[in-house]
Amino acid sequence: MSNPKIFQAFLLSTLLSLCIGWGHGAAGQTLAATLEADVIFEEGVRYYDQELFLNAASSFQKAHDLTPANPVYLYNLGMGYFKLRNYKKAEESFLLAIQA
């Protein structure tokens, strides 16, 4: 990953999900879903680094759908929308990230 901030966010989300148990949280996600979301998120980061922002946003959305409690996925979804100049969806994603 060429973007160190996105890599740090990915690493932090992975560590947090394993340490505090997003995989077994109140939302009912399984550890398998959390790990699958992390793989899809990493795919989105690769797309983002290649400036394939539509693909990146799609991957970030899929990761979020699997583990809605993870604000990192929403933040990156917002960044994908921002790069696509879809500022309304970007703002919605950023606000949801803050609330997550």
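Helices (H or I, at least four residues) and strands (E, at least two) are DSSP runs, numbered from the N terminus. Lys-83 belongs to one such run, helix α4. The model is predicted: local features need pLDDT of at least 70, side-chain atom pairs count only at pLDDT 80 or more, and totals for chains, interfaces and linings use all residues. Residues are numbered from 1 along each chain as its sequence is written, and side-chain values use heavy atoms, with hydrogens and water left out.

**Exercise 1. State how many helices and strands the protein has, and what share of its residues is buried.**

Solution. Step one: the secondary structure comes to 5 helices and 0 strands. Along the sequence, this gives the pattern α-α-α-α-α.

Step two: buried means under 20% relative accessible area, exposed over 50%, and partly exposed in between (1.4 Å probe, protein chains only). Of the 100 residues in the protein, 39% are buried.

**Exercise 2. Describe how helices α4 and α5 pack, and which residues make the contact.**

Solution. Step one: helix α4 spans residues 71-83 and helix α5 residues 87-99; their axes lie 8 Å apart at an angle of about 165°. Axes are lines fitted to C-alpha atoms, for helices over the stretch in contact, and angles run from 0 to 180 degrees between N-to-C directions.

Step two: angles under 35 degrees count as roughly parallel, over 145 as roughly antiparallel, 65 to 115 as roughly perpendicular and the rest as oblique. The helices α4 and α5 are therefore roughly antiparallel to each other.

Step three: on the α4 side the contact (heavy atoms within 4.5 Å) is made by Pro-71, Leu-74, Tyr-75, Leu-77, Gly-78, Met-79, Tyr-81 and Phe-82. Helix α5 contributes Tyr-87, Lys-89, Ala-90, Ser-93, Phe-94, Leu-96 and Ala-97.

Step four: Ala, Val, Leu, Ile, Met, Phe, Trp, Tyr, Cys and Pro count as nonpolar, Asp, Glu, Lys and Arg as charged, and the others, Gly among them, as polar. By these classes, the contact of α4 with α5 has 12 nonpolar, 2 polar and 1 charged residues.

**Exercise 3. Determine how many aromatic pairs there are, and classify the pair of Tyr-75 and Phe-94.**

Solution. Step one: rings of Phe, Tyr and Trp (its six-membered ring) pair if their centres lie within 6.5 Å; planes under 30 degrees apart count as stacked, over 60 as edge-to-face and the rest as tilted. By this rule there are 5 aromatic pairs.

Step two: the ring centres of Tyr-75 and Phe-94 are 5.7 Å apart and the planes stand at 40°, so this pair is tilted. Tyr-75 lies in helix α4 and Phe-94 in helix α5, 19 residues apart. Tyr-75 is partly exposed at 43% relative accessibility, as is Phe-94 at 24%.

Step three: for Phe-82 and Tyr-87, the centres are 5.3 Å apart and the planes at 65°, so the pair is edge-to-face. Phe-82 is partly exposed at 40%, and Tyr-87 is partly exposed at 46%.

Step four: ring pairs also link Phe-41, Phe-60 and Tyr-73 into a cluster.

**Exercise 4. Characterise the surroundings of Lys-83: which residues does Lys-83 contact beyond four places in sequence?**

Solution. Step one: Lys-83 is partly exposed, at 42% relative accessibility.

Step two: leaving aside neighbours within four places in sequence, Lys-83 is in contact with Tyr-48 and Phe-53.

Step three: Lys-83 and Leu-54 are 29 residues apart along the chain, and their C-alpha atoms are separated by 8.9 Å.
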